[in-house]
Amino acid sequence: FPTRRSSDLESSRLGRYYVLHKLAEGGMGVVYVGYDDALHRRVALKVLRRGAAVQEWLLREAQALGRLSHPNIVSVYEVGEHEGRTFLAMELIEGPTLRAWLDESPRSFADVLPLFLQAGRGLSAAHSAELVHRDFKPENVLIGQDGRARVVDFGIVANSQPQGAPAEA
């Protein structure tokens with residue numbers, strides 16, 4: 001973690017996390033690289049645009065990810081609020097999206113198949129937890145430096161059980 005003056009850190013905090021830089025931006029919000037000083041690790045911080053419906057959206061994503069623990073699904077660490085804005089702290093996966101990886105050069109079947117299988121295993125784990133991703137695409141799969149694929153962006157996740165139906169044990 002780079003050394004910075006205290007005043008710089010205070011102006012770039014989101015809850016307990018230091019905001020280091022913007023990682024990505026989309027129509028719904030922004031993802032930053034952050035630093036968790038308590039646990040000495042870098043994290044991804046997802047912040048959606050302001051509004052009650054948007055906060056509910058992010059909370060639903062956090063709750064869905066909190067129900068999942070699988071090597072091919074991004075891990076969620078915390079959902080929090082800072083100055084009226086809800087944020088999600090997640091595992092930082094430093095690597096390309098599956099789309100970017102596929103587009104950067106021709107890939108053999110032997111190279112592509114393991115990543116698609118890993119993404120499928122992540123989706124299968126979500127389905128086993130009665131969650132449907134609803135926005136699965138190569139842009140929502142990140143490939144870590146370890147070569148492992150992780151499914152991300154569960155923002156429009158749905159419960160596969162009808163409203164009021166009990167989940168089977």
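Nine salt bridges are counted in this predicted model, where a side-chain nitrogen of Lys or Arg must lie within 4 Å of a carboxyl oxygen of Asp or Glu. One of them joins the side chains of Arg16 and Asp36, with an N to O distance of 2.6 Å. Arg16 sits in the loop between S1 and strand S2 (17–25), while Asp36 belongs to strand S3, so the pair ties together parts that are 20 residues apart in sequence. Asp36 is buried, at a relative accessible area of 0%, whereas Arg16 is partly exposed at 37%.

A salt bridge also links Lys22 to Glu25, whose closest N and O atoms are 2.9 Å apart; Lys22 is partly exposed at 47% relative accessibility. Glu139 and Arg99 meet in a further salt bridge of 3.3 Å, N to O. Because Glu139 lies in the loop between strand S7 (131–132) and strand S8 (141–143) and Arg99 in helix H3 (residues 98–104), this contact ties together parts 40 residues apart in sequence.

Turning to the strands, six of them make an open sheet with antiparallel pairing, in the order S1-S2-S3-S4-S6-S5. S1 and strand S5 (76–82) are at the edges and have a single partner strand each, so one side of each lacks a neighbour in the sheet. S5 pairs with strand S6 (residues 85–91) over six bridges, and Gly80 has Phe87 of S6 as its bridge partner.

The second largest pocket holds about 200 Å³ of space. Ten residues line this pocket, with Leu14, Tyr32, Val47, His82 and Arg85 nearest its centre. Strands S1 (13–14) and S3 (29–36) each contribute at least two residues to the lining, which comprises five nonpolar, one polar and four charged residues.

Definitions and conventions. Residues are numbered from 1 along each chain as its sequence is written. This is a predicted model: local features need pLDDT of at least 70, side-chain atom pairs count only at pLDDT 80 or more; totals for chains, interfaces and linings use all residues. Side-chain values use heavy atoms; hydrogens and water are left out. On a 1 Å grid over the protein atoms alone, a cavity is a set of points where a 1.4 Å probe fits but cannot get out, and a pocket is an open set with protein on both sides within 12 Å along at least five of seven lines; lining residues have an atom within 4 Å of a point. Grid points are joined across faces, edges and corners, and a volume is the space filled by probe spheres set on the points. Helices (H or I, at least four residues) and strands (E, at least two) are DSSP runs, numbered from the N terminus. Ala, Val, Leu, Ile, Met, Phe, Trp, Tyr, Cys and Pro count as nonpolar, Asp, Glu, Lys and Arg as charged, and the others, Gly among them, as polar. Two strands pair if DSSP finds at least two bridges between them. Buried means under 20% relative accessible area, exposed over 50%, partly exposed in between (1.4 Å probe, protein chains only).
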